[in-house]
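Hi there,

Here is the structure I promised to pass on. Have a look at it first, and my notes follow below.

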Amino acid sequence: MRGPTSPQTWFVNRLQRLRTSSGSPTQAQLLAHDENKVLTRSSLSDLLAGKFTKPPPWERVAAYVTACVRAAHAGQIDLCCEDELARLRGDHATLTDLFETAAREARPPAARSSGSRPRPATYRLPPRNTNFTGRDAALRELRRRLTSGNDGAMQVVHGLGGVGKTQLAVEYAYLYRSEYRFVAFVDAEDPDLVASQFASLARELGLAEVSHEQVVPRVYRTLLDHGPWLIIFDNGERPGTLVGALPSGDLASSGHIIVTTRLRGWSSRAGVIDLDVFPRREAVELLARRVCGMTTVVADRIAEHLGDLPLALEQAAGYMDYNHTPPEEYLALLTSRLEDMIALGELADRPAVVVATLWQLSVRRLETERPQAMRLLELCALLAPEPIPLDLFRDSADTLIAAAADPVAWDTTVGALAGLGLARRAACSLVLHRLVQAAIRAAMPHYVRTEARVKLCRALLAAVPHDIHGDPDARTRWQELLPHVLAVTKDEPPAECAADTATLLRLASAFLLSVGDHSVALPLCERACVIDESLERRDAELGFDLITLAQIHRDRGAPQRARPLAERALTLHESCLPADSPAIATDLATLARIRHLLGDREAAVPLAERALRIDEAAYGPDDPYVSFDLIALASVHLDLDQHAVALPLISRALRIREASYAPDHLYIGYALLLKARVVHALNDPTAANLAHRGALILNTRLGRTHPKTENAFALADHLLKRDSCQEHGEPAALGETYVTKAAPIMAPEGARGRIDTRLRRAGGTSHDGAAHT
């Protein structure tokens, strides 16, 4: 009883699965973690080699489980001892059952004990998956519900195709088969074939010929004498299609029903368990156990690309096993050719099933019954696997979906995707699994894909805030839409939306610049420049690209690279825009800051002064964007040791911001800290209080551990100590001059985002202004 499908082999696979998930500790490490010394070197070797002819003592198995969990904790791997003990206890019970079954089958019929437990009869139950991974909580919850006695004898396992619903139901049947006398598996995907399976089931139960109309109730009446029983209806549709095959009244009292389905609509008929994709730990565990040479880091990245979908992970493992593909090479293929890779690889027990065709039936139904929902699905497939705001489709001036014009039609269109299990619907958004998106994209004709991309590009350009710093909701909206902007603009744009793509890329880079993500902002802005350089009559837009690119290089500590970009932007804008355009003020203020950083402070002053005059004339003296120019000018004077000149400028900027923004806005915090530096240089005792107020704002907005916050508190603490020293007649700390004269402790605030009304009337686009401390 030591063959490839023996109980020993099956149980060793379960033990090795735990060992892998705990970091693959050596036998010496396991023995060291066995505090009660239940294990010996020989007993542990026999256990892991399957050298036992009867179930090993539970105490030995429990000691092994505890040692694995302790080894995991030593390696900072999060495992729960209680959960692992519960899982292996169930596996140990199944092992006992497997040994008994094998022993009974090995004896001659006359030698079998009449008092032994009868083996549960089964009908079409698939073989047990020896690589079944995780799902302990779902199995326990399914068992609890089925045995609760509170009308829980029928449970529905609902989830996305490929999420492992069938595998969960089959594993449940094997895990608890000793609790049943009869287990049946019915393929319910085609309702018309369910009755014929019940006719076959009737013959299995020894029933004589039964009419088509009576076969279902006769089977359930017969099962009353075979209880408790379990019937799994796999891949069922809506309740109405299976109503004739489900028991009712007393016929359901002696057994349990499990229905697996992708469709919603079962909650009025049965309890519903929503099965999600694997937690990342279980996805990594499956890959590490199945694929030779798989590291945790590579497994984590593969699982991320596959969205932790169990079927896709199994398919990936099968591909690597068959082709002997190194995990790193498979990851590279997955990264660059996802749409191709989901069609390759196969499962040992289901060779015809691959992710690429997993949702074909649902898609065909949409095409036939809900063509508008199919258009919505195609649009969503080109967006990111993140929540997709539904108002992107409803509020678009360029109609993306005709159904969006009617509330009822729109609700049923969105509902069709959720009802068929192709998307998860929240109050204001849809989420598609990344592999559903990949499968839909792979099947889209090129012209359909191009048309959809053009529509999405224009809709996103209309939806994202252009005034990134002036719009109070800009940050929230951009965080919501940025993943979709990046998804739609990642490839070479169609000619029809090249200009819109360039603008989207620049706006995205400006937003990322405002939140300090320079490494992502830089390549986006560079792409915008390349696209606008290739198009005609885009001088103004190219200038916006260049000034944003200059700001990125400046903030990355490369003002020497930023200067020619800012100078070219200014030249372009002076050649095509009015002399008093705020876009020119943006260029001037940015160039002033760059010259300032390069040490050419005298040259920076007239640039900043001219920018201030233009913005005051365009927006008025108390506009928030004027405060950027004031702070830029004050910073130059501060570094020129002209503190008396800098003070009224920064004081005015602070008054404007306090009147325009919430009391804890970052812009106010930055202004307070800059003013603290100025008044400190003038020996004003209010400096410490100003710095402390600014530090508290940064703490609220950025968190205590953010470098800007730490620097702000360091400045406040230094000023408090200085005041205390002066009060007691003690000398100031040696670092005083350094703190006063150091480069600004605050990183750039970000750029203005005011849309130039003159450009808007002329068909232009928005611009982004200088970032100042």
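In which hand does helix 26 pass helix 27, left-handed or right-handed? The crossing of helix 26 with helix 27 is left-handed, a term for the near helix being turned anticlockwise from the far one by less than a right angle, with clockwise giving right-handed.

Before I go on, some housekeeping: this is a predicted model, in which local features need pLDDT of at least 70 and side-chain atom pairs count only at pLDDT 80 or more, while totals for chains, interfaces and linings use all residues. Residues are numbered from 1 along each chain as its sequence is written, and side-chain values use heavy atoms, with hydrogens and water left out.

**The helix pair**

Helix 26 (residues 559-576) and helix 27 (residues 582-597) have axes that come within 9 Å and cross at roughly 155°. Angles run from 0 to 180 degrees between N-to-C directions, and those over 145 count as roughly antiparallel; helix 26 and helix 27 are therefore roughly antiparallel. The contact residues divide into eleven nonpolar, one polar and five charged.

Six strands make an open sheet with parallel pairing, in the order 1-3-4-5-2-6. Strand 1 (121-123) and strand 6 (271-274) are at the edges with a single partner strand each, so one side of each has no neighbour in the sheet. On average, neighbouring strands are turned by 15° against each other, direction ignored.

Strands pair here if DSSP finds at least two bridges between them. Strand 2 (residues 154-158) has four bridges to strand 6, with Gln 155 partnering Gly 271. Strand 2 is also joined to strand 5 by five bridges, and there Val 157 stands opposite Thr 260. Between strand 4 and strand 5 there are six bridges; Gly 236 has Thr 261 as its bridge partner.

Why is strand 5 largely enclosed by the rest of the structure? Seven of its seven residues are buried, so strand 5 is largely enclosed, buried meaning under 20% relative accessible area with a 1.4 Å probe, protein chains only. On one side are Gly 255, Ile 257, Val 259 and Thr 261, and on the other His 256, Ile 258 and Thr 260. In a regular strand, side chains alternate between the two faces of the sheet.

Best wishes

Notes
Helices (H or I, at least four residues) and strands (E, at least two) are DSSP runs, numbered from the N terminus. Angles under 35 degrees count as roughly parallel, over 145 as roughly antiparallel, 65 to 115 as roughly perpendicular and the rest as oblique. Ala, Val, Leu, Ile, Met, Phe, Trp, Tyr, Cys and Pro count as nonpolar, Asp, Glu, Lys and Arg as charged, and the others, Gly among them, as polar. Buried means under 20% relative accessible area, exposed over 50%, partly exposed in between (1.4 Å probe, protein chains only).
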